[in-house]
Amino acid sequence: MTTKRQSVHGQWSSRWAFVLAATGSAVGLGNIWKFPYITGENGGGAFVLVYLICVCAIGIPIMMAEIMLGRRGRQNPIMTMEILAKEEGASEHWRLLGLMGVLAGFFILSYYSVIAGWALAYIVQSVSGAFTGSDAKTVSKIFGDLIASPERLLFWHTLFMVMTMLVVARGVRSGLEKAVTLLMPGLFLILVLLVGYAMAEGSFAHGIEFLFAADFSKLTWGSVLTAMGHAFFTLSLGMGAIMIYGSYLPQDVSIAKTSFLVAGADTAVALLAGMAIFPIVFVNNLEPGAGPGLVFQTLPIAFGQMPGGVIVATLFFVMLVFAAWSSAISLIEPAVTWLVERKGMTRHMACVVAGIATWLLGIMTVLSFNKWAFTFTFAGEEKTGGAFDILDILTANIMLPLGGLLIAVFAGWIMSKKSTTDELGMEQTYSGYLIWRFLVRYITPVAVSIIMLKAVGIL
Ligand code: PHE
């Protein structure tokens with residue numbers, strides 16, 4: 001047996017600290033902002049079904065693989081891949097997988113921070129009572145005014161980046177653990193409340209039908225790729241975030257159980273968000289395919305009409321910011337740890353460098369919604385979101401699935417059975433292990449390849 005490597009950068013205090021941090025990473029804008037709007041754009045039920053299948057058949061096995069690699073390597077993703085490749089007698093080029101992850105996290109955070117900035121701006125709108133009594137038109141104007149102003153977007157983007165880098169600079173224990181422990185349950189409760197409101201006041205049946213009745217005639221290969229990419233995005237997979245969190249995980253924790261827990265919580269939050277939003281969309285005759293503004297143009301209508309709406313709205317956006325915050329931390333953590341462990345920077349210096357680079361790239365997204373909007377076509381679909389859409393497609397539809405595919409190949413084909421059973425804590429003949437191994441060896445590589453090639457029209 002290989003000796004257990006000691007982490008060079010500390011460990012979680014318990015299994016719960018890891019579950020909370022991983023859930024904090026997974027649950028974020030992806031669940032509440034992105035899932036509803038891409039579901040709306042891709043026709044509803046059939047898209048949701050593909051997403052759910054991808055979470056189960058690809059997402060959970062890859063999450064197990066990623067945590068496993070992280071815990072075995074106990075470094076930043078690049079050095080982890082390097083060490084493990086050497087241990088298994090494979091090419092050291094596997095480090096490029098780690099490098100792609102570091103880059104993907106940096107690209108994602110650049111636009112993620114701008115959207116989180118919308119949520120910050122909406123805290124102020126909520127407190128000031130801007131939504132009180134307002135209808136769909138006023139709410140949509142509030143949103144339109146915000147994204148039309150590069151100055152306002154830049155201000156909130158800057159604030160969010162500063163918040164993120166401050167927490168990251170404080171290191172794993174003090175920074176990360178505390179930030180995620182308290183607010184997740186609160187967010188969950190507010191979503192349940194909003195679903196209750198949608199049941200009472202919205203077109204609930206219509207919303208549920210849209211979300212869960214699968215009409216496959218609406219599904220293109222482009223939508224299938226978006227659904228699969230989102231499974232990676234929402235579970236924080238394919239770029240090393242979960243790998244690095246895994247590197248802090250104590251040796252005696254069950255990787256399989258932990259993965260199911262995190263994926264379950266993440267999926268529940270996304271479905272609740274959808275169940276809260278679509279009934280409001282339909283009762284107000286709004287367009288489900290309205291795009292990235294969907295959450296910001298629908299939930300405020302509900303807040304404006306419910307009793308105590310100012311408080312509920314404020315709490316909701318505060319918690320949304322926290323959910324985004326705990327995800328943002330994990331997006332930049334691989335880059336920061338890499339700068340520290342590889343480039344020899346102090347943690348503070350690494351945070352400044354990574355933070356400024358991300359902030360600068362974020363300006364492209366700030367301008368996407370106003371001064372620098374343009375249209376292009378990808379996988380047969382017209383995209384209107386400019387640089388923001390390019391970054392989103394590049395990361396969620398290309399880099400994360402590719403990263404996931406390579407992680408699956410590494411875990412399934414490069415690592416020996418002995419190494420994987422050893423790290424997962426399973427017997428070689430245990431059925432759960434055999435299913436996992438089958439999924440990472442065959443299903444993930446084949447499914448990801450086919451879907452990607454079909455979507456871009458090569459197959
Ligand atoms: N999972 C996060 C969300 O859904 C985003 C994220 C992606 C975080 C990749 C880390 C890595 O909002």
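**Reading the surface patch, ligand site and cysteines**

Me: Is Leu459 buried or exposed, and why?

Reply: Buried means under 20% relative accessible area, exposed over 50%, and partly exposed in between, with a 1.4 Å probe and protein chains only. Leu459 has 55% relative accessibility, so it counts as exposed. Keep in mind that this is a predicted model: local features need pLDDT of at least 70, side-chain atom pairs count only at pLDDT 80 or more, and totals for chains, interfaces and linings use all residues. Residues are numbered from 1 along each chain as its sequence is written, and side-chain values use heavy atoms, leaving out hydrogens and water.

Me: Which residues form the nonpolar patch on the surface?

Reply: Trp221, Val446, Ile450, Leu453, Val456, Ile458 and Leu459, with about 640 Å² of accessible area together. Patch members have over 30% relative accessible area and no salt bridge, and nonpolar side chains are joined within 5 Å, like charges within 9 Å. A salt bridge would be a side-chain nitrogen of Lys or Arg within 4 Å of a carboxyl oxygen of Asp or Glu.

Me: What about the ligand: which backbone atoms lie by its nitrogen atoms?

Reply: Look for N or O pairs within 3.5 Å, the cut-off for a polar contact. A backbone N or O atom of Phe233 sits 2.8 Å from a ligand nitrogen, and one of Thr234 is 3.1 Å from a ligand nitrogen. Taken alone, the ligand exposes 320 Å², and the protein buries 100% of that.

Me: How many disulfides are there?

Reply: A disulfide needs two cysteine sulfur atoms within 2.5 Å, and the whole structure has 0. For Cys54, the nearest cysteine sulfur, that of Cys56, is 9.4 Å away.

Definitions and conventions:
Accessible areas come from the Shrake-Rupley method with a 1.4 Å probe; for residues, only the protein chains shown count as cover. A polar contact is a pair of N or O atoms within 3.5 Å; within protein, one must be able to donate a hydrogen and the other to accept it, and residues adjacent in sequence count only if both atoms are side-chain atoms.
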